[in-house]
Amino acid sequence: MEQSRARSATAPTAVSRTAVAPTAVSPTAAWAESVPDAVPFASPEASTARQPEPATRGEHTHSEPAPPKVVPQRHSVRDQILEALRDALLSGELVPGEVYSAPALAERFGVSATPVREAMQLLASEGAVETVPNRGFRVARHSPRDLAELTEIRALLEVPAVLALARSQPVERWTRLRPLAEDTLQAAACGDRTAYAETDRAFHRAVLELTGNRQLVAVAEDVQRRAHLSALRASPAPRTTDLLAEAADHLALLDALTDQDLPAVERLVRGHF
């Protein structure tokens with residue numbers, strides 16, 4: 001196993017290792033375009049052009065990129081950074097086992113280190129990264145056992161909840177969720193794993209929100225997010241045909257819920273994870 005090493009803001013070669021293919025648009029780059037003077041996460045050219053003066057190892061540089069003309073509220077910046085980092089984790093731009101420092105990532109985004117550090121701490125609470133004292137954050141590795149355990153937890157949470165909904169909800173409720181299921185199918189057809197993960201979470205969240213249990217929704221979404229990331233790390237990348245099969249389960253589930261076919265509902269929910 002290759003030894004993890006810290007990413008430095010002055011090391012353009014580290015950036016190029018995680019860059020996406022030239023024809024693809026990085027989700028972090030797309031976000032960065034909305035912030036004046038922001039630097040895309042995985043742009044070697046932009047990163048090289050904005051490099052600060054080299055610092056002695058172990059020391060911190062205090063120079064910051066020029067602030068945008070309109071400075072958003074801190075939480076707004078943090079939330080945008082958080083979503084961009086989540087996309088980078090799903091797409092593989094942030095490599096498992098590698099260590100990234102908040103100042104280096106902040107330089108890529110064209111923001112201060114504070115919202116980046118706050119976002120990374122939230123990711124650490126989700127199990128996506130691990131804190132490395134005095135160095136930064138290491139992207140967590142996930143094993144097949146991690147995925148199996150998360151799958152079991154999802155089944156324990158969602159199967160009884162959906163079965164209860166199947167007995168209590170009127171048919172028109174399921175009709176309203178069909179556009180969300182079709183969104184997952186469209187993302188799957190494009191082979192976009194990141195977009196599929198987002199639409200899949202939106203569909204499952206909408207179903208569980210019908211329970212009226214906010215804590216269940218929050219816990220289930222956190223587990224689902226961890227499971228998606230763990231699946232990418234612990235198993236081969238899903239093919240487009242695999243994504244299409246998963247997305248088709250959503251439509252089949254809505255049909256079973258509409259018919260109040262409880263055995264089919266349970267089979268589909270259990271087999272979906």
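Visitor: What share of the 273 residues in the chain is buried?

Guide: In this predicted model, buried residues make up 43% of the chain. The chain has 13 helices and four strands. Among contacts between residues at least 6 apart in sequence, 74% join residues at least 24 apart.

Visitor: Why is Thr-184 called buried?

Guide: The term buried requires under 20% relative accessible area. Thr-184 has a relative accessibility of 0%, and therefore counts as buried. Thr-184 belongs to helix α9, residues 178-189.

Visitor: Which residues does Thr-184 touch, not counting residues up to four places away in sequence?

Guide: Thr-184 touches Tyr-196, Thr-199, Asp-200, Phe-203, Ala-247 and His-250. With regard to Ala-202, the C-alpha to C-alpha separation from Thr-184 is 9.0 Å, across 18 residues in sequence.

Visitor: Why does Arg-78 count as buried?

Guide: The cut-off for buried is under 20%. Arg-78 has 19% relative accessibility, so Arg-78 counts as buried. This residue is found in helix α4, residues 74-91. Leaving aside neighbours within four places in sequence, Arg-78 is in contact with Pro-115, Glu-118, Ala-119 and Leu-122.

Visitor: What makes helix α5 mostly covered?

Guide: Helix α5 spans residues 102-109, and seven of its eight residues are buried. The buried residues are Ala-102, Ala-104, Leu-105, Ala-106, Glu-107, Arg-108 and Phe-109.

Visitor: What is found at the start of α5, and which residue just after α5 takes a positive phi?

Guide: At the start of α5, a side-chain oxygen of Ser-101 comes to within 3.2 Å of the backbone nitrogen of Ala-104. A polar contact is a pair of N or O atoms within 3.5 Å, one able to donate a hydrogen and the other to accept it. Just after α5, Gly-110 has a positive phi of about 75 degrees.

Visitor: How do you know that strands β3 and β4 pair?

Guide: Pairing requires at least two bridges between two strands. Four bridges join β3, residues 129-132, to β4, residues 136-139, so the two strands pair. They run antiparallel, and Val-129 stands opposite Val-139 in β4. The two strands form a hairpin with three residues between them. In the turn, Asn-134 has a positive phi of about 65 degrees.

Visitor: How many cavities of 30 Å³ or more does the structure hold, and what lies around the largest cavity?

Guide: The structure holds four such cavities, and about 130 Å³ of space lies in the largest cavity. The largest cavity is lined by 14 residues, of which Arg-86, Glu-126, Ala-128, Arg-225 and Leu-229 are the closest to its centre. Helices α4 and α11 (214-234) each supply at least two residues of this lining. By class, the lining has five nonpolar, three polar and six charged residues.

Visitor: Which residues line the second largest cavity?

Guide: The second largest cavity has a volume of about 100 Å³. The residues that line the second largest cavity are Glu-158, Val-162, Phe-203, His-204, Val-207, Leu-208, Asp-249, His-250, Leu-253, Leu-268, Val-269 and His-272. Two or more residues of this lining come from each of α7 (144-168), α10 (193-209), α12 (240-259) and α13 (262-272). The largest share, four residues, is supplied by α10. By class, the lining of the second largest cavity divides into seven nonpolar, three polar and two charged residues.

Visitor: Why is His-272 called buried?

Guide: His-272 has 9% relative accessibility, so His-272 counts as buried against the cut-off of under 20%. This residue is found in helix α13.

Visitor: What joins the side chain of His-272 to those of Asp-249 and His-250?

Guide: A polar contact requires N or O atoms within 3.5 Å. The polar contact between the side chains of His-272 and Asp-249 is 3.5 Å, and that between the side chains of His-272 and His-250 is 3.1 Å. Leaving aside neighbours within four places in sequence, His-272 is in contact with Tyr-196, Asp-200, His-204, Glu-246, Asp-249 and His-250.

Technical notes
Residues are numbered from 1 along each chain as its sequence is written. This is a predicted model: local features need pLDDT of at least 70, side-chain atom pairs count only at pLDDT 80 or more; totals for chains, interfaces and linings use all residues. Side-chain values use heavy atoms; hydrogens and water are left out. Buried means under 20% relative accessible area, exposed over 50%, partly exposed in between (1.4 Å probe, protein chains only). Contact means heavy atoms within 4.5 Å. On a 1 Å grid over the protein atoms alone, a cavity is a set of points where a 1.4 Å probe fits but cannot get out, and a pocket is an open set with protein on both sides within 12 Å along at least five of seven lines; lining residues have an atom within 4 Å of a point. Grid points are joined across faces, edges and corners, and a volume is the space filled by probe spheres set on the points. Ala, Val, Leu, Ile, Met, Phe, Trp, Tyr, Cys and Pro count as nonpolar, Asp, Glu, Lys and Arg as charged, and the others, Gly among them, as polar.
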